[in-house]
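Biologist: Please take a close look at one position in the chain, and then describe its wider setting.

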Amino acid sequence: MAFHGWKRLLFLSRQKAFARAWRSGKGSPSLGWKRCCHGEAGTSVTPEMRAFLEENTEVTSSGNLTPEIQLRLLTPRCRFWQEKLDSWPYGDPFWAIYWPGGQALSRYILDNPWIVNGKSVLDLGSGCGATAIAAVMSGASQVLANDIDPIAGMAMILNCELNHLNPFPITIRNMINSEVGDWDLIVLGDMFYDEQLADGLHQWLRKCMRTRPTQVLIGDPGRHEFLRHRIHRHLHKVVEYSLPEAARQENNGLTSSIVWSYQPSCSLESS
Ligand SMILES: C[S@@+](CC[C@H](N)C(=O)[O-])C[C@H]1O[C@@H](n2cnc3c(N)ncnc32)[C@H](O)[C@@H]1O
């Protein structure tokens, strides 16, 4: 299937690989690239991987909600956009797409820098790293990007370079299976696409908030799995952005993306 067609089906048919990876706690099924990222074994992208990423992505800042951030993404001009998915040598390249949930979060942070200014921020499921980049640009005192896909870690390093930023720490550990976060703010863009992953995230977020006061912001364009998940009862709408035409086309006609604040009330906390 050409990448374009595959992308349309991503949330319907291919999400299981990531769900499996999350459940097993083994991270991405893609490769043994585990020891690549800052915070794990120093900041590094192998020359071969850099060449591969540069050759197979396009630098772009258009077609999304944050034109001030440059990203290496898969675009219609990239070879793998049209080629068979079978010839893509790694795991599903979620990091090569700037998802609408992440777009909304990044836009909100860039427009309201006080949200992150002087604060410690965790971008969980950071993908291309745009939201973490927005947090750095807006004055966060500490940013950690977390994605279980090691290739995402490398892509983020390249994306930091593009935006003239020193790479922030990146970890590919499965944090939601292990430690409780110690963050002023946790941001999650487009992370509620699988029921079991959503359950795990919900549980973990509750644990984090019980440990210390933490603000949690979730970006989502209204995906079915998110809307029907019980976390939805604890969300307050912060802002809704209309998506640019290109993002609408890439996302099966979704027209907007919303930033939600997670605020579990005591009475509902057990649900
Ligand atoms: C749909 S993408 C969203 C990426 C980014 N937040 C955005 O909005 O553009 C979901 C990302 O979550 C990552 N992911 C899946 N399960 C994860 C987990 N348990 N911990 C950290 N990252 C995870 C995937 O590798 C993928 O990059």
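Modeller: Thr 75 sits in the loop that links strand 2 (71-73) to helix 4 (79-82); helices (H or I, at least four residues) and strands (E, at least two) are DSSP runs, numbered from the N terminus. The model is predicted, so local features need pLDDT of at least 70 and side-chain atom pairs count only at pLDDT 80 or more, while totals for chains, interfaces and linings use all residues. Residue numbers start from 1 along each chain as its sequence is written.

Thr 75 is classed as partly exposed because it has 17 C-beta neighbours inside 10 Å. On that scale, 20 or more other C-beta atoms within 10 Å make a residue buried, 12 or fewer make it exposed, and partly exposed lies in between, with C-beta atoms placed from the backbone. Leaving aside residues up to four places away in sequence, Thr 75 touches Glu 58, Thr 60 and Trp 81; contact requires C-beta atoms, placed from the backbone, within 7 Å. Val 59 is 16 residues from Thr 75 along the chain, and their C-alpha atoms are 9.0 Å apart.

As for the protein as a whole, it has 10 helices and nine strands. Of its 271 residues, 44% are buried. Among contacts with a separation of 6 or more, 73% join residues 24 or more positions apart.

The ligand is surrounded by 24 residues, the closest being Trp 99, Gly 102, Gly 125, Gly 127 and Gly 189; a residue is near a molecule if its C-beta atom, placed from the backbone, lies within 6 Å of it. Helix 2 (16-24) and helix 5 (100-111) are the elements that give two or more residues to this shell.

Key: Contact = placed C-beta atoms within 7 Å.
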